[in-house]
Every structure is written in structure tokens, then in C-alpha cells.
Amino acid sequence: MTARKFFLSFLSISLISCAVSVSISQGFLVISFLVLLFSPKEKWEINRIFFISLLFWLGEFLIFAIHFAFSNFDLSYLKTALNAELKDFFLYLAFICMMNLRKSELPQMYKSIYAFAIVLVLTGFISIFSEFRLGWLIASISRNMTSWAYQHNYFRLGIFSINLPIGLMNTHLTYGGLLMFVFPWIFFQGFQNLFSKNRLIAKFLSISLLLIASIVFVLNNARSAMGGAFISIALGFLIWYFRGMKFPISKRILFSALSIIVLLISLLSLPSEPAKRILTPLLGADKHTDSGRSFIWNSTWSLIQNQAVLGIGPGNYSKEIEIARKNLSLKYEELAFFYETTQRGHAHNDYLHLWVTFGFLNLFLYLILAFFLVQALLRSQLPFSELTLYLGVAGFFAAGLLQCYFQDDEVVIFFWMLLGMFNRSNQLNQSHEDIA
């Protein structure tokens, strides 16, 4: 087996294992990159998406260097910064690896995304019926576990315990973030097969996958991820419209009727206790984090006002937000309890977190990256069925308005993989058209 085949195999394993373990996926990503260094390189242009992503990371390291100098080159700060936001730079290797794919290698990576989606959805579905976290169960085979073992329980249905699904992940937000990437593709596969002339087995499989994924997504209750998936699907329909793809009136009526039936069933089931436990949190009930976000955003904004240009520096958020919260609780004594009890660790908003940590310039580069991605998706000439694989990346930027997914290693590694693969696929497709 040549070095090139090793590279492709390890990269495929890294992608698929994103649904299993971040340690495994990161390990195989590093191996893939090392093998790539000793295999034949591909010629590629540094297009706008690649250029902005490079500038983004250069900007982060520049801001770090400035704050490192301000700290009088304190080595303890160097360690803190490298263990915080800067550590995610090595996940950017996923983008680099994907940009070195050959056209003949793309089909294998498509299959890897399909495998990732199936593993993610099936483990999520299984975890609905498990009182114990699946990741905890597997890890407990080889060692004594001291972490919390149980999943959040919704209710019991006969002999079954219905739980909040997280697959093999540690949190429902991480699982929801990963499902957000592939749900638009699952949706459009099922949507197109519903009205296609494909074989019955193909229709059954794609529609069944969509049904299972939808059930898992609703039970997972990660509303920011669901919102991101909705934005991605809306973008997909916009591309559908711009391409003039056919959707006969009879099929529109059928789809509308099916949607109304699903909505009516959901509304009629609301009075039942199981439905209340599942659906009311989606509407904001029993969600203490909703009000908590406003307090953490307010605290973060007070830091931004003082350091809008250079930010507070990587690794400093936890320390600085404690000071900001205490100052605000002294200023607004009647709200002191809320400032003291809100969750911290990150800003619960990617844009605010980037701004407060690295300053406005890096936030601007991140926004430009999002703009170039959406523009590339709208202009892409990739086949629609292939393009739907990448719609979830657009949803990632939307979900970041309510959650810090860019700080979540398990989610952001797949983000860079999918962004790099789309950029490479689009680039190769454009080169093929130019030759033709």
C-alpha cells in the first residue's frame, strides 16, 4: 500500500470516528497529516476561503503574541493560552488534509461522510433507550469509571426508558452539533426519494433514516443546532429554486399535506405528559440557560467594551469573566444571584467569544469566512445531491449565535473537515469546467 492510500485510509477513519470518539478522530487526523508530508503533494490554489481561514489563524496567533508580550513573556500564560483557544489550531490540519485530496479520492470521502451519518444517527437512536451513557458503558469495560453514568430521562414508556439521546458523545449539545452537519443531507435525500422514481428499497432506506434522525434530533433538544439545520435546509431550497429544479404542483400538495398531518399530530399530542416533557423545553420552558445566556452575554459585553480591538487574549476568558460578573453583581445588587449562578467557561455565542478573546479584526475575518462560504454554496455547480453534504457548514455559523460550537473540539474538527472537503470539491469541479 502506497503512502497515498495510507493517507486516504487514515483520513477516512478520522472522519468516521468523529461520531465515536474525539480522541480517535484527532489521533488519526495527526497520523493522516504526517503521512501526507511524505506522500506526493497535489497542486491547488489558495482561493478565498482558504486565504481567509489562514488569515483568521494568523490573526489569533498575532493577538496571542501581543498579549504574551504584555505579560512580560510569562511562560505560565503561554501554557494557559495553548491549552485554551489556541489548541484548536491543530484541528485546522483537517482542512489542510482535505485540500490535498485528488478528484479520484473524493468518492471514498463521500462514503466516509455517509458512514459517519449512519453511525451518528444509529448510536443516537440506541441511546434513547439506554439509561446509561453509551460512551460511559463502553469505557467502563476497560477501566473503572468515576464520571456520571446516567442519561437525562424523559419518561418511561412501558418497559422502555426514554432518554435524551447523545449517542457516544458526552453532552447533548455536542451530539446535536454533529447531527446538524449531516441532517440537511439526510433531509434532502429523503425529500427527493419521496417523490422520485427510484426503487422502493432506496426510498424506504432514505425515508427511514430521515424519520429516525428527526426523532433523535427532536429528543436531543439542542435548539441552537436545530436552528442551524433549519437555516441549512432553507439555504438548500433557495439553491433548488435558483437552479430551477422541478417540483411539480402535485408533489407540492402532497408534501404540504404530509407536513400539515405531522403538525396536527404534534399539536394533538401536546396535552399528554410525554409530549410535554419533550416539546415544552423546545419552546423555552424549564430552560434556565435561556435567561442565563443574557447575563453571560451582558458580562461578556462589558469586557468587549474595554478591549474591543485586541480582546482579552486566549486563555483569559474564565479569569476575566469572573471579574466582570462580580463587578456587575455589585452594580446591580438585585441581580447578583443570577450573575453568580450563570454558566461560564465560554460566552455561549461564537461571535461574542471570538470578539472578546481576539478582538474585532478576528471576528470580522470569521464573518468574512461565513460570507464566502455561503456565496460559494450559492454559486457552486456541484450536483445538488453532492452539495447537500456541505449545507450543514452554513448552519454551523447560524448555530453559533446561541452556542459556542467553535470552542467544542468534537464539533469543530468535523467543521474543518467538511469545510475543507467542500472547498476542494468545488475547486476541482471549477477546474474541470474550465478545461471542458
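The axes of helices H17 and H19 come within 10 Å and cross at roughly 150 degrees in this predicted model. Here helices are DSSP runs (H or I, at least four residues) numbered from the N terminus, and axes are lines fitted to C-alpha atoms over the stretch in contact, with angles from 0 to 180 degrees between N-to-C directions. H17 and H19 are therefore roughly antiparallel to each other; angles over 145 degrees receive that name, those under 35 count as roughly parallel, those from 65 to 115 as roughly perpendicular, and the rest as oblique. The crossing of H17 and H19 is left-handed, a term used if the near helix is turned anticlockwise from the far one by less than a right angle, whereas clockwise is right-handed. In this contact (heavy atoms within 4.5 Å), H17 contributes Tyr366, Leu369, Ala370, Leu373, Val374 and Leu377, and H19 contributes Val393, Ala394, Phe396 and Phe397. By class, the contact of H17 with H19 has 10 nonpolar, no polar and no charged residues; Ala, Val, Leu, Ile, Met, Phe, Trp, Tyr, Cys and Pro count as nonpolar, Asp, Glu, Lys and Arg as charged, and the others, Gly among them, as polar.

Residues are numbered from 1 along each chain as its sequence is written. Local features need pLDDT of at least 70 and side-chain atom pairs count only at pLDDT 80 or more, while totals for chains, interfaces and linings use all residues; side-chain values use heavy atoms, with hydrogens and water left out.

H17 (residues 360-379) also packs with H3 (residues 48-70), at an angle of about 165 degrees and with the axes 9 Å apart. That angle makes H3 roughly antiparallel to H17, and the crossing is left-handed. Residues of H3 in this contact include Ile52, Phe56 and Glu60, which meet a set in H17 that includes Leu365, Leu369 and Arg379. The contact of H3 with H17 has 11 nonpolar, 4 polar and 3 charged residues.

H19 (residues 391-399) packs with H10 (residues 223-242) at about 135 degrees, the axes being 7 Å apart. H10 is thus oblique to H19, and their crossing is right-handed. Among the residues of H10 in the contact are Gly228 and Gly236, and among those of H19 are Gly392 and Gly395. The contact of H10 with H19 divides into 8 nonpolar, 6 polar and no charged residues.

A search of the whole structure finds 1 cavity of 30 Å³ or more. On a 1 Å grid over the protein atoms alone, a cavity is a set of points where a 1.4 Å probe fits but cannot get out, and lining residues have an atom within 4 Å of a point. Grid points are joined across faces, edges and corners, and a volume is the space filled by probe spheres set on the points. The largest cavity holds about 30 Å³ and is lined by Trp57, Glu60, Glu85, Asp88, Phe358, Phe406 and Gln407.

Conventions
Helix = DSSP H or I, 4+ residues; strand = E, 2+ residues; numbered from the N terminus. 1 Å grid on protein atoms, 1.4 Å probe; cavity = no way out; pocket = protein on both sides within 12 Å on 5 of 7 lines; lining within 4 Å.
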